[in-house]
Amino acid sequence: MVLIKIFISFFKISLYAIGGAYSFVPVIEHEIVENCHWLTKNEFLEVLGMSNVLPGAISIKFASYVGYKVAGLPGACVAIFANTVSTAVLIICVFNVLNKYKDMPVVNRAVHMIHFAVFAMIIAVALDRKSVV
């Protein structure tokens, strides 16, 4: 049962992980600390700090750490898979749609609006001093 919860949590995290790494740190924090209580706020900040030192994607490092902490090696594998598979499916779907409709002005405007949304998310993280190390 815990492996299913890990899968669902990290699947959701990766679905909302739009933009660069720091734009979705609040999403990871909300799911892992507030919803599931797998990490304390201080432990979350420690993992975030270590994530900046180690190479690779922050979401994968959180998936590895939290999955392992909660359910050992199987938990880490499930969390990493969930974090990766949703992104892969979304990328395939989005690129197929964008490739098909890339010449439409409304699609171009939508892509530009996504850039603004990501910028706003990064600013929100920068202004939320509780979430930033």
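Tutor: Let's start with a term: a residue is exposed when its relative accessible area is over 50% and buried when it is under 20%. Keep in mind that this is a predicted model.

Student: Which exposed residues sit on the face of helix 3 turned away from its buried side?

Tutor: Begin with the buried side, which holds Glu 43, Phe 44, Val 47, Leu 48 and Ser 51. Seen down the axis of helix 3, these buried residues fall within an arc of 140°, so they line one face. The face turned away from them carries the exposed residues Asn 42, Glu 46 and Val 53.

Student: What covers the buried residues of helix 3?

Tutor: Helix 3 takes in residues 41-53. The cover over its buried residues includes helix 2 (25-35) and helix 4 (58-101).

Student: How far does helix 3 reach from its first C-alpha to its last?

Tutor: Helix 3 has 13 residues, and at 1.5 Å a residue the expected reach is 18 Å. The model comes close to that, with a reach of 19 Å.

Student: How many residues apart are Phe 7 and Phe 11 in helix 1?

Tutor: Good one! An α-helix has 3.6 residues a turn, so residues three or four places apart point the same way. Phe 7 and Phe 11 are separated by about one helical turn, being 4 residues apart.

Student: What angle lies between the planes of Phe 7 and Phe 11?

Tutor: The structure holds 3 aromatic pairs. In the one formed by Phe 7 and Phe 11, the rings are 5.6 Å apart, centre to centre. Planes under 30 degrees apart count as stacked, and this pair is stacked, with an angle of 20°.

Student: Which residues do ring pairs link into a cluster?

Tutor: Phe 7 is partly exposed at 28% relative accessible area, and Phe 11 is partly exposed at 28% too. Ring pairs link them into a cluster whose members are Phe 7, Phe 11 and Phe 81.

Key: Residues numbered from 1 in each chain as written. Predicted model: local features only at pLDDT ≥ 70, side-chain atom pairs only at ≥ 80, totals over all residues. Heavy atoms only, no water. Helix = DSSP H or I, 4+ residues; strand = E, 2+ residues; numbered from the N terminus. Expected span 1.5 Å × (residues − 1). Buried < 20%, exposed > 50% of the residue type's maximum accessible area, 1.4 Å probe, protein only. Arc of directions from axis to C-beta. Contact = heavy atoms within 4.5 Å. Phe/Tyr/Trp six-rings, centres within 6.5 Å; stacked < 30°, edge-to-face > 60°.
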